[in-house]
Structures are given as structure tokens and as C-alpha cells.
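Hello,

I am handing over the structure we spoke about. Please look through it before reading the notes that follow.

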Amino acid sequence: MTFARQALLRAALLLAATSATAAEPPDVGFTHKDWELACDNTRTCRAAGYHAEEREEAAVSVLLTRKAGPGQPVTAEVQLGSYSEDDRASAAKAGVTTMKIDTRTLGTVRIDPKTLTGALSREQTDALIDALTKTGTPKWSNRGGSWSLSGAGATAVLLKMDEFQGRVGTAGALVRKGTKAEDTVLPALPAPVIVAAPVVKGKASLPREAIKPLLAELRKGFDDGECEGLAAGGKTELAVEKLAPGKLLVSTGCWTGAYNGGTGYWVINAQPPYAPELVTDQASNYANGTITAGQKGRGLGDCWAREQWVWTGERFAQTLSETTGMCRLVAPGGPWHLPTFVSAVRRGK
């Protein structure tokens, strides 16, 4: 299964309310119509909404972010579409932009000329959420055009956000408000601290007689054809790099698609028994102790899924898992960072 397909499956999972005793929230996402939700392992949630799918000529997206814990506000950003715009058209979209809910004017938003994003005020954010959970249509306009945000799916997504953070029935809930005390809301969890160890740089080699038994070990856990570089009877090319005293990093190409590819990486002992440990078969690159994976959701490159692992001196620990939002032609590379797993990486000596 490709990394991009894994990300799509994660995004299709329904959120379940997390109990107050849970040690860590699950890796979850939720998508409904023109809205999606990603909540990470710190219990921070990010909801992204888009234009109606048939309105790609006026692409726009909004990101609502809320940290876990009692009394936490929602922050909002808007991004105007820039996927196919030239510099002149993008410049026309920048600067002072008027925000409206239906016919009600809500002041202006300053759109950054480099990113075409702008932060909404608290008043604008509250009005936006109220419109999304009712029937209002948020709009932004300036000399470069006019952009309307779809509310289809917003109520379901914001309810899932409330459920995940334990806010349903509290005054701070976005959808189902109530009288429950704010101290019943689930607290934020700390991001795990991962200490990245230094690595030994350079290529390495294995004795010719070691290749056959090592390949037999590497194939364990794969069905026939799942990793092309390990195919029996094929020409196997293993890349071997130094990693740490007594440890090597072995890799081979596992799969290719129309616009993506995945490389398998294993940590092995420098001497027999090699005891390979698979890190991932979805990787795109390795450099200086860090393995990264980046896969397009489609060939246009307007949506991506990414993961990252760093060497700790004992293993490769995952440090990031995220997507960049729906494939809606908002921006090259996608409009947002929507992580489901985050960490704090520190460099060890």
C-alpha cells in the first residue's frame, strides 16, 4: 500500500471521543464534503474548509486551529488560491481584502503578498464559525477577485473537533454548547521529545556472500511483488550506508507509480547476524540521519502526504506525519500543514 493511500485511509477514519484517562489520542482525521479535520497527538485540532469543488476558478481555503485544554480560543486563517496564478495576478490578490458574511461586512483582512494568506480577527473568526454552523456564506473580495467558502460539511467536522477535545456540552463547544464546566475539557498532551543522534557519513559495502542470506531476511513481512527491489530472481541493488558504530542503513527501491515512488530502508548490524529492522518502504530520501517520505495525492501536486523519521542512536523514531490538505488547486504543494503526529526534535551530541 502506498504512503499516499495510507494517508487517505487515515483521513477517512471517524473520530471517536477520547476518554479523560487516555494516554495519547489516536492518529485520526475526518473528511466530510468540503471540510476536513486533522487532530494530532498533542490534541491540537485543525479544520480546513474549501470552496465548492466546482468553483476552482475562485479557489479559497480557511484553516481553523484550536489547541486542547479549557478556554482555548480558535484561530483562523484564510488563503486565496494561487495554484495557476502568475505574479501579476497574485499581486492583485494581496493587500487589504474585505470580508463579508452574506451581505454583512466584517471589516478587512490583510493578505500577505508572498503566501496569499491572512489572519482573521477574533470577531471575524467568531462570525465565521457562526456562519458555518448555520447557513451563512463567508466571502472575501478585493481588486483581484471574489472568493466564497463552502459550508458543506463544516458542522460535522467542527462537531468531531469538539468530540475529540472533550468540549461537547461545554460553553466553549463550537456546535453543541451546554453548561458543563470548562475543566471537564481534555487537557493538552506534550509532544514527545526525540533526541537525534549524530551519524557516521559515507557509503559502506557488504561481503558478496552476505547478500543472499540478507535478502532472505529483508523479504520477511513482504508478499511477493510488494517490494520490487527484493523480487526473487530479479536484479537486486542494495545501497548500503554507514550509520553508527556497528550499524548500517540498507535501502532498495520498493515501488513506483505514475508520480510517486517508495524506497525501503532497513537498519542492520554491521556484522552477522544482520537482524534487519524495517523503518519504512515509503521513503523518498535519506540524509544525515533523517529519512523522509513525501507523496503527491495527484499529479498536479496540489496536495501531499509527508512523514519523517530520525536516528536516535538505537532506532529511527517517527517525528512527523501530515498532509497538506485536500486536492483543490488552492496552492502548489497544498495550502496547509495538517499533522496527525508531531514531536520536538533535539540534536544530541
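**A buried alanine**

Ala196 counts as buried, because its relative accessibility is 2% and the cut-off for buried is under 20%. Please keep in mind that this is a predicted model. Ala196 belongs to strand β11, which covers residues 193–196. Its C-alpha atom is 5.9 Å from that of Arg346, although 150 residues separate Ala196 and Arg346 in sequence. With neighbours within four places in sequence left aside, the contacts of Ala196 are Val310, Trp311, Val345, Arg346, Arg347 and Gly348.

**Nonpolar cores**

The largest nonpolar core is made of 36 residues. Leu64, Val78, Leu128 and Trp140 are the ones with the most contacts inside it. At least two residues of this core come from each of β2 (35–39), β3 (45–50), β4 (60–66), β5 (74–80), β6, β7, α3 (122–132) and α4 (154–165). Another core, of 16 residues, lies apart from it; Leu206, Cys227, Leu230 and Ile268 are among its members. As background, nonpolar side chains in soluble globular proteins tend to be buried together.

Leu64 can be followed in detail. Neighbours within four places in sequence aside, Leu64 is in contact with Trp35, Cys45, Arg46, Ala47, Val74, Thr75, Ala76, Leu128, Ile129, Leu132, Leu158 and Met161. Two of these partners, Leu158 and Met161, are listed with the buried residues of α4.

**Helix α4**

Of the 12 residues in α4, 9 are buried, and the helix is mostly covered. The buried ones are Ala154, Val157, Leu158, Leu159, Lys160, Met161, Asp162, Phe164 and Gln165. Gly166 follows α4 and has a positive phi, near 70 degrees.

**A buried lysine**

Is Lys93 buried or exposed? Lys93 counts as buried, because its relative accessibility is 6%. Lys93 lies in helix α2, residues 87–93. The side chains of Lys93 and Glu85 are joined by a polar contact of 3.2 Å. Leaving aside neighbours within four places in sequence, Lys93 is also in contact with Leu80, Gly81, Ile111, Leu116, Asn142, Gly144 and Trp147, and Glu85 is on that list too.

**Strands**

An open sheet is formed by 5 strands, in the order β16-β17-β18-β19-β20, with antiparallel pairing. Its edge strands, β16 (285–287) and β20 (338–341), each pair on one side only. From one strand to the next, the twist averages 20 degrees. Between β19 (residues 316–323) and β20 there are 3 bridges, in the antiparallel sense. Glu322 has Pro339 in β20 as its bridge partner.

Strand β13 (residues 247–256) runs antiparallel to β14 and is joined to it by 9 bridges. The two form a hairpin with 4 residues between them, and Thr256 stands opposite Gly261 in β14. On to the next strand, β14 and β15 pair in the antiparallel sense over 4 bridges. Trp266 has Leu278 in β15 as its bridge partner.

**Backbone points to check**

Most residues other than glycine have a negative phi, and most peptide bonds are trans. The following places depart from that pattern.

- Pro272 and Pro273 are joined by a cis peptide bond, with omega about -5 degrees. Pro273 is in the loop between β14 (261–269) and β15 (277–283).
- Ala275 is not a glycine, yet its phi is positive, about 45 degrees. Ala275 is also found in the loop between β14 and β15. Ala275 counts as partly exposed, because its relative accessible area is 45%.
- Asp102 has a positive phi, near 60 degrees, and is a residue other than glycine. Asp102 sits in the loop between β6 (95–101) and β7 (104–111). With a relative accessibility of 39%, Asp102 counts as partly exposed.

Regards

Conventions:
Residues numbered from 1 in each chain as written. Predicted model: local features only at pLDDT ≥ 70, side-chain atom pairs only at ≥ 80, totals over all residues. Heavy atoms only, no water. Pairing = 2+ DSSP bridges. Axes fitted to C-alpha atoms, helices over the stretch in contact; angles between N-to-C directions. Buried < 20%, exposed > 50% of the residue type's maximum accessible area, 1.4 Å probe, protein only. Core = buried A, V, L, I, M, F, W, Y, C linked by side-chain atoms within 4.5 Å. Contact = heavy atoms within 4.5 Å. Polar contact = N/O pair within 3.5 Å; in protein donor to acceptor, adjacent residues only side chain to side chain.
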